[in-house]
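Subject: Structure handover

Hi,

Here is the model you were expecting. Please open it alongside this note, then read what I found below.

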Amino acid sequence: MNNLNPYSGVSHRSFYVFLRHYDVFMKTLSTSLIPPFLDPLFYLLGMGYGLGSMVSPIKGMTYVEFIAPALVASVIMTAPFFECTVGSFVRMHFQKTFDAMIATPVSIEDVVTGDILYGAGRALLQGTAIFIVIMFFGLVKSPLALFIIPLCFVLALAYGPIAMLYTSFIPAINYVDYFFTLIITPMFLFAGTFFPIEQLPIWAQKVAWFMPLYHTVNIARDLNVGNFAGIWDDMLWMVVCGLFFYALALWRMRKRMLK
Amino acid sequence: MNPIITARSLVKKYDGLSAVDHIDFTIHEGEVFGFLGPNGAGKTTIMKMIYCYVPPTAGQLLVNGLNVVKSPRGVKAILGVVPQEDSLDPDLTVYGNLITYSRYHEVPGAEARERANRLLEMMSLTEKRNVIIENLSGGMKRRLLIARGLINNPIILILDEPTTGLDPQARHLVWSKLKELKNSGITIILTTHYMEEADRLCDRLVMMNNGKILDKGSPVDLVRRHIGKEVLEVDYVDDALVGEIRTALGDKFTIDHYGDRVYVFTDSAHETASRLQHLNLKAVSERKASLEDVFLMLTGRTLVD
């Protein structure tokens, strides 16, 4: 195994790790399937129609039209973030599932990748649920918006590694709280989800630009109105961000587990 | 006898401290090989180096001709690993654990189902097939860990303290399963700090302390070389008593004292006892020499935490 190339430990066996998570998910299907539909519904009603009735149109969109695609974008972030912090840490630390897996031809890089794939799978499920809800409310403006669904999976692949990198550092589960408070909440509120980043002071706009969620929201909003051409610079940023954190997460997890 | 695992000058250091300190050993195909020693002796570290969980600091470790550093996937493919800690998947059933694990080893589906059923039968777990892990007893978990370790038809089975924490019944059941396995010809490597376990199961073993090998050989050979046939034990009163015993027996005998007992290593405890009758010794017991005597002699009876 080449130590200088962090990707070299990844193989097709990561799919078996994904399958393990999928099996467990299927066992708890009845409880995992309903909340993804209810959460966005409440946001849409409360923020979109409730709060939105007091907000003037943004860039030619009503407020509810403005936040609807951002709600899809936000679960592309939160689903893998949750899975690759709480989910992965519990398996690594408490259940020793990582240990059991890497005593087989599965490598630690395969385990990390399998968890990231599964996080993306959760984003696909939850993103699709929200898409169905906003479609039901007539908030989907173009047939091209359907591309958001596969992109839920693809874009979520960039978020799993960030969470996995954080998980590779923490000694105890309660440290996950910092991740939620310092990473998830600011992104959720300030990355152009509920108001355009132009409302922020210049320095904060610059910070917001570096947030992956800002680009994910842009992509979702562009696709929702059929602006396919507008997504590519944001896509490029997501790819670069994803590959960067993926490499770091692989390297760090190997260091943590095999010592 | 083909060597299947060879370690040459194997070292593992943590923050400058040697957990495993320049160790050499060779394990042959088809034997049961034991690593015996107290907690912290380095046994588990060696196991983890064999199954590529802990990278060696220095030295060479070959498993079936493959270097553990260069070909971890190849090494792990031929191993069955039964770790000390329960690493069963609590989100899955007994059967689900075996099937999921078989996928990591890329055992084809039909073959995996057949093996899972056969292993459950072999480990007396068939009626627990659809039970979740939480509801298994300690002994059942250990048997399932062994079954899981066998799902890929390994050439070598590694057992790290297979009976630690089990009650006597569960321990004897695990021993009888391991005896069956031994007869099937698989190479078994185990660590233990139970001398009785090593005595019952191991063809050959090494005794370890502080990351070093103190001695190696078959259990019988080790006992005969270091202790002799039998041991006479009496209550310790004071050093004067030890001196009196030494005077009565002469230099031929090894006499040792630790804790509240004095030990005389001999070929006939009964005959030796009769020579000490005039001392009016208390709580005299005559017994066969064991690996524990060897172990205590070699480690110098230092207290290990």
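V231(B) stands opposite F265(B) in β13(B). The two strands here are β11 (residues 230-235) and β13 (residues 261-266) of chain B; they run antiparallel and are joined by six bridges. Strands are DSSP runs of E with at least two residues, helices are DSSP runs of H or I with at least four, and both are numbered from the N terminus. Two strands pair if DSSP finds at least two bridges between them.

β13(B) also pairs with β12 (residues 254-258) of chain B, antiparallel, over five bridges. There, H257(B) faces V262(B) of β13(B). β12(B) and β13(B) make a hairpin with two residues between them. In its turn, G259(B) has a positive phi of about 65°.

A word on the source. This is a predicted model, in which local features need pLDDT of at least 70 and side-chain atom pairs count only at pLDDT 80 or more, while totals for chains, interfaces and linings use all residues. Residues are numbered from 1 along each chain as its sequence is written, and chains are lettered from A and ligands numbered from 1 in the order in which they are written.

Domains
Chain B is divided into domain 1 (3-221) and domain 2 (228-289); the bounds come from an automatic or database domain assignment. The centres of the two domains, taken over C-alpha atoms, are 39 Å apart.

The six-stranded sheet
Chain B has an open, mixed sheet of six strands, ordered β6-β7-β8-β3-β9-β10. β6 (79-82) and β10 (212-217) of chain B are at the edges with a single partner strand each, so one side of each has no neighbour in the sheet. Neighbouring strands are turned by 15° against each other on average, direction ignored. Inside the sheet, β3 (residues 32-36) and β9 (residues 204-209) of chain B pair in parallel over four bridges. G34(B) is opposite L205(B) in β9(B).

Helix α1 (residues 43-50) of chain B packs on this sheet and touches β3, β7 (156-160), β8 (187-192) and β9 of chain B. Its direction makes about 150° with that of β7(B). Angles run from 0 to 180 degrees between N-to-C directions, with axes fitted to C-alpha atoms, for helices over the stretch in contact.

Is α3 (residues 94-104) of chain B enclosed or open? Nine of its 11 residues are buried, so α3(B) is largely enclosed by the rest of the structure. Buried means 20 or more other C-beta atoms within 10 Å of the residue's own; exposed means 12 or fewer, and partly exposed lies in between, with C-beta atoms placed from the backbone. The buried residues of α3(B) include L98(B), Y101(B) and R103(B). They pack against α1 (14-27) and α5 (97-102) of chain A, and against α4 (109-122) and α5 (138-149) of chain B. Just after α3(B), E106(B) has a positive phi of about 55°.

In total, 20 residues of chain A are in contact with 22 residues of chain B. Contact means C-beta atoms, placed from the backbone, within 7 Å.

Two asparagines
N153(B) has a positive phi near 50° and is in the loop between α5 and β7 of chain B. It counts as exposed because it has 12 C-beta neighbours inside 10 Å. N210(B), in the loop between β9 and β10 of chain B, has a positive phi of about 50°. N210(B) counts as partly exposed, with 17 C-beta neighbours inside 10 Å.

Best wishes

Notes: Two residues are in contact if their C-beta atoms, placed from the backbone, lie within 7 Å.
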